[in-house]
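Colleague: I would like to learn how to read a model like this one. Please take me through it feature by feature.

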Amino acid sequence: MTASMARLRAVVGLVCVGCAAVLFVLEVPRAIHDLNGQRRAVSYLTGAQDRLLTTGDIEGLPRQLQVAALGVIPSRANYAVLMPATLADAAPYGINAITMGTGPAFLRYLLLPRWQVADPGQARYIICFGCDTTAWDHRTTWLWRDDRGDSIGRVRAT
Amino acid sequence: MITGILELNGLFLVGGIALLAGLRGWSTWLEFIEDIGVAFMLGASSICVLATLALVAGAGLSTATILVLILFDVAAGFALFVWRDRRLPRRFGTLPRRSLGTAAAVIAAVATIAILVAMLRLARVAPMGGGDSFEFWVPKAKVIYFFGTIDTSKFTSLTSPRYPLLVPALQAMDFRFMGSAYGPELGMQYWFLFCGFSLAAATLLCRIVPAWLAWGFVALAGTIPELDARMINAQADWALDVFYGLAAITAVVWLRRREPWLLASYAMFTAATIATKQEGLLMISCFVVGLLAATAPRWRAVWPQFVAASLVGYAANLPWRIWWGLRDLPVTLPTMGIDSLLHHLGRLWPSLWLVLRLTFAYEHWLAFVPLAIFAALAAVTARGQSREAAVTYLVATVALIAGFTYVLWDDITYALNTHQSATPIPRAVGSIVILATVFAPILIDSLLRGHPEADAAPDRA
């Protein structure tokens, strides 16, 4: 009984080795091919800034806005991100649900040590991404604008 | 920037070599070379855990602090080296004999290297991926890098403030050595972690199974689709799984070889696992339960040392738990009481089914779990070490599945679907898969050996 059980276990072991060998033959080339495919898919990124900002592009943040925010907002200043209140308001600006959800978080990561505050009243700088600037025009010096209506400004001290 | 990451990881290796020289020593230079992966992972995990303690103590992670942490490793290793009267190796050692098994091992090792090279080429050019990477992991690292402390609302106001500190600490150390908080380059750090895991896992497994089996499954680990898709993301899931995999391997090898350095390594990898993500504590607990269940017949010989090592790994993370407890940081995962759990009983079966579907999804995780379960169900009919390995694996796996099911059942904000943005479970089941990947060669070897009288446990209670 013991010997036959040991033989049965050995057969099971050989079946497992066979399965692993098949997996090896099929999956090793596939994995290398997939990794190379991923690399080819991003081979258009030509520099450090491309690699940095492409994630934001994927989240729907305009490249120009990202570059401008990095250049305009001083490194230790705080800022607020103003976006449309609803998806319906955002749609004309080409802002979708993903960008609404992740855009501010990505900007927080990108712009650190600049600090993102939730209350625009506490911010020294504001990033207007598809927002209505009417309430801010009288107290903000706009430092950058694009033709989509996005803008970055410094709030004047009252 | 990449130079900085190379320097930091080189220092991890130096610290790990010193630790391992003190803990283990080597009789030949070949043994030393074989242990490079283990040394690197020991150095990385010990220094990262020390870095979390430094942050909790109020220190930032300046270059000077990081060097002090590394010197601590070196000093500890040197002190052990002198105390244990170890010597440097005097001979090179003997290369493996030429055989079919050696040829198979070489083929598998070459496949592993090919996968690592492809991963490296991707890591060098890829943008930073993974939502959680920019939502909170890398921002936490940036706060540490720019502001030199975690005791600031800038850190505690970020998402998941109670999450363990290892990943932000590691990323902050990368930034320090890079001289810049350039997120996309962090992919290189994760590549180093996976390289270290591959080498360490192969070396450790080779101590108890034939090299062709060890290297075969290490190569296969590199083909897991979810690993290829996310390994270099600046998140914590795969870092967690590599530390967990090494904790499991060192524990099982210790059970067979009873060399003290293996138990010390297990404690270190356990500390790193718990310091990486909240699930780390669940994962280690499940493994501990599995190993204790398997070794119950000889508990006196195993339990005291193993439990003590597990507690050391847990204790290294207590200062962080005390730190956020004192600051009353918000809980990330709401926990329902027993009444609410019973009220939401209808979530129980869908939660379990989702965990099982994800674990056995070939397109994401290949066939490691069914293979390991098949081998374990056969090995459990044997005696001694074969049955111990099988019971450890089966109990730990069932416990993990139950644990993740409970997480889904308990948190009604988690959608019961497979979208990674809606729930962390599609990524979390990677721990079940990595456990299967490291146990499969051990279980298969025990089936192939087929000599029950040679399979006795070394000592009984």
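Modeller: Start with the core. This is a predicted model. In soluble globular proteins, nonpolar side chains tend to be buried together. Here the largest nonpolar core has 217 residues.

Colleague: Which residues of that core touch the most other members?

Modeller: A:Ile127, B:Leu61, B:Tyr266, B:Phe287, B:Phe306, B:Tyr393 and B:Leu443. Helix H12 of chain B, residues 237-257, gives the largest share of this core, with 15 residues.

Colleague: What is A:Ile127 in contact with, beyond its neighbours within four places in sequence?

Modeller: Its contacts include A:Leu65, A:Ala69 and A:Ile73. A:Tyr79, A:Ala80, A:Val81 and A:Leu82 are also among them.

Colleague: How do I read strand S1 of chain A, residues 78-82?

Modeller: Count its buried residues, those under 20% relative accessible area. In S1(A), 4 of the 5 residues are buried, so the strand is largely enclosed by the rest of the structure. Then read its partners. S1(A) runs parallel to S2(A), residues 115-116, with 2 bridges. A:Asn78 faces A:Trp115 there. S1(A) also runs parallel to S3(A), residues 125-128, with 4 bridges. A:Leu82 has A:Cys128 as its bridge partner in S3(A).

Colleague: In which sense do S4(A) and S5(A) pair?

Modeller: Antiparallel, over 5 bridges. A:Trp144 pairs with A:Ile152 of S5(A).

Colleague: What about the backbone?

Modeller: Most residues other than glycine have a negative phi, and most peptide bonds are trans. Look for exceptions. A:Leu112 and A:Pro113 are joined by a cis peptide bond, with omega about 15°. A:Pro113 sits in the loop between helix H5 (97-111) and S2 of chain A.

Colleague: Where is B:Ser160, and is it buried or exposed?

Modeller: B:Ser160 lies in the loop between helices H7 (153-156) and H8 (166-178) of chain B. It is buried, at 8% relative accessible area. Its phi is positive, near 55°. B:Arg258 also has a positive phi, near 55°. This arginine is partly exposed, at 22%.

Colleague: Which residues make the nonpolar surface patch?

Modeller: B:Trp29, B:Ile33, B:Leu88, B:Phe92 and B:Leu95, over about 520 Å². B:Leu88 is exposed, at 57% relative accessible area. B:Leu88 is in the loop between helices H4 (63-83) and H5 (100-123) of chain B.

Key: Residues numbered from 1 in each chain as written. Chains lettered and ligands numbered in written order. Predicted model: local features only at pLDDT ≥ 70, side-chain atom pairs only at ≥ 80, totals over all residues. Heavy atoms only, no water. Patch = residues over 30% accessible without salt bridge, like charges linked within 9 Å, V, L, I, M, F, W, Y side chains within 5 Å. Areas by Shrake-Rupley, 256 points an atom, 1.4 Å probe, with all protein chains shown as cover. Salt bridge = Lys/Arg side-chain N within 4 Å of Asp/Glu carboxyl O. Buried < 20%, exposed > 50% of the residue type's maximum accessible area, 1.4 Å probe, protein only. Core = buried A, V, L, I, M, F, W, Y, C linked by side-chain atoms within 4.5 Å. Contact = heavy atoms within 4.5 Å. Pairing = 2+ DSSP bridges.
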